[in-house]
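Please read the following briefing alongside the sequence and the coordinates.

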Amino acid sequence: MGLWHVFYEDWQMECCGTPFSVGDEVSWPLLLLDPDTVLGGGWRDQLSEIAGPVEDVGGVRVVREETGLPVALGADPDAEVDRRPKPGSRTRLAGLLSVERHGAKWHEAGGRVRAVQVLTQTWAETGPGSRSYEPVAGKRGLRAVERCPRWFTETEGERAADGRGRRSRESGVVVTLDVPGTDSRLSHAVREVRGIPGQSAEPGAETRGIGAADLAALLETLSTATPPRRPARRRHAGA
């Protein structure tokens, strides 16, 4: 088993998602995003590192992570040159794993939900009175829940000192997914905290002998911080 942080954006769930709870088995198509392009950036604690060969799957650039996780690489629709690694090459990238249920199809990653945290993001008007909002970098929080909501809420806030209106919006959930046959930086962090020898431990040892509630609480405290290496771009996964 390998533990992976996955961002499930609010509109993806509200459009065509199925709510899930801690302990449920799920299967999702995963896309690796540049964390700096998602809700103003600042995702240092939720990053994942993947490494492996690059394949073309029905026109989608996919990395079969060396421990088994299938991940599509998002293309930058505004870029004049596609800088993603080419099929047949090997790559190592860091980014934000996300659920992508629109557009092309590729292999899904299946596993058990170990923790769910609702992400609340602060949004501010682009200008005083504009009523057009943008995410405020670094202004977000996570709240542990047992079940992912079907619909997400928004609360009007006070105006900032610069006169711009603010809103607090539940913008999705961060899920910790336990995927069989894989291993991850987060799994290594859990083994280290639990005092499980890193050299001799096999993947999955980190979740044995610990209750679901205790594991979820532990996962909320751990970081997967790592310097990104040429992170994937947002959004679509086309060739």
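Strand 4 supplies the largest share of the lining of the second largest pocket, namely three residues. The model is a predicted one, in which local features need pLDDT of at least 70 and side-chain atom pairs count only at pLDDT 80 or more, whereas totals for chains, interfaces and linings use all residues. Residues are numbered from 1 along each chain as its sequence is written, and side-chain values use heavy atoms, with hydrogens and water left out.

Helices (H or I, at least four residues) and strands (E, at least two) are DSSP runs, numbered from the N terminus. Grid points are joined across faces, edges and corners, and a volume is the space filled by probe spheres set on the points.

**The second largest pocket**

- This pocket has a volume of about 170 Å³, and its lining is made up of W4, E49, I50, A51, E65, E66, T67, R92, D183, S184, R185 and H188.
- The elements that give two or more residues to this lining are strand 4 and helix 2.
- By class, the lining has three nonpolar, three polar and six charged residues, where Ala, Val, Leu, Ile, Met, Phe, Trp, Tyr, Cys and Pro count as nonpolar, Asp, Glu, Lys and Arg as charged, and the others, Gly among them, as polar.

**The largest cavity**

- The count comes to one cavity of 30 Å³ or more, and the largest cavity has a volume of about 50 Å³.
- Ten residues line the largest cavity, and L47, S48, S184, R185 and L186 are those that lie nearest its centre.
- Strand 1, strand 4 and helix 2 are the elements that give two or more residues to the lining of the largest cavity, with strand 1 giving the most, three residues.
- The lining of the largest cavity divides into four nonpolar, four polar and two charged residues.

**Helix 2**

- In helix 2 (residues 185-193), the residues L186, S187, A189, V190 and R191 are buried, a term that stands for under 20% relative accessible area, with exposed meaning over 50% and partly exposed in between (1.4 Å probe, protein chains only).
- These buried residues pack against strand 1 (2-9), strand 11 (166-179) and helix 3 (212-219), contact being defined as heavy atoms within 4.5 Å.
- Just after helix 2, G195 takes a positive phi of about 75°.

**Strand 7 and its partners**

- Strand 7 is mostly covered, since eight of its 10 residues are buried.
- Strand 7 runs antiparallel to strand 3 (residues 30-33), to which four bridges join it, and L33 has L96 as its bridge partner in strand 7; two strands pair if DSSP finds at least two bridges between them.
- Six bridges join strand 4 to strand 7, again in an antiparallel arrangement, and the partner of S48 in strand 7 is G95.
- S98 is placed in strand 7 (residues 90-99) and counts as buried because its relative accessibility is 2%.
- Apart from its neighbours within four places in sequence, S98 is in contact with V6, F7, P29, L30, L31 and L33.

**Charged pairs**

- A salt bridge is a side-chain nitrogen of Lys or Arg within 4 Å of a carboxyl oxygen of Asp or Glu, and by this rule the count comes to 17 salt bridges.
- E25 and R112 meet in a salt bridge through their side chains (3.2 Å, N to O); the pair links distant parts of the chain, with E25 in strand 2 (residues 25-28) and R112 in strand 8 (residues 109-125), 87 residues apart.
- E25 is exposed at a relative accessible area of 56%, while R112 is partly exposed at 36%.
- The side chains of E49 and R185 form a salt bridge (3.5 Å, N to O); E49 lies in strand 4 (residues 48-57) and R185 in helix 2, so this pair ties together parts that are 136 residues apart in sequence.
- E49 is buried, with a relative accessible area of 18%, whereas R185 is partly exposed, with 38%.
- R191 and D183 also meet in a salt bridge (3.1 Å, N to O), and both R191 and D183 are buried.
- A network of salt bridges links E125, R131, E154, E156, R159, R167 and R169.

Technical notes: 1 Å grid on protein atoms, 1.4 Å probe; cavity = no way out; pocket = protein on both sides within 12 Å on 5 of 7 lines; lining within 4 Å.
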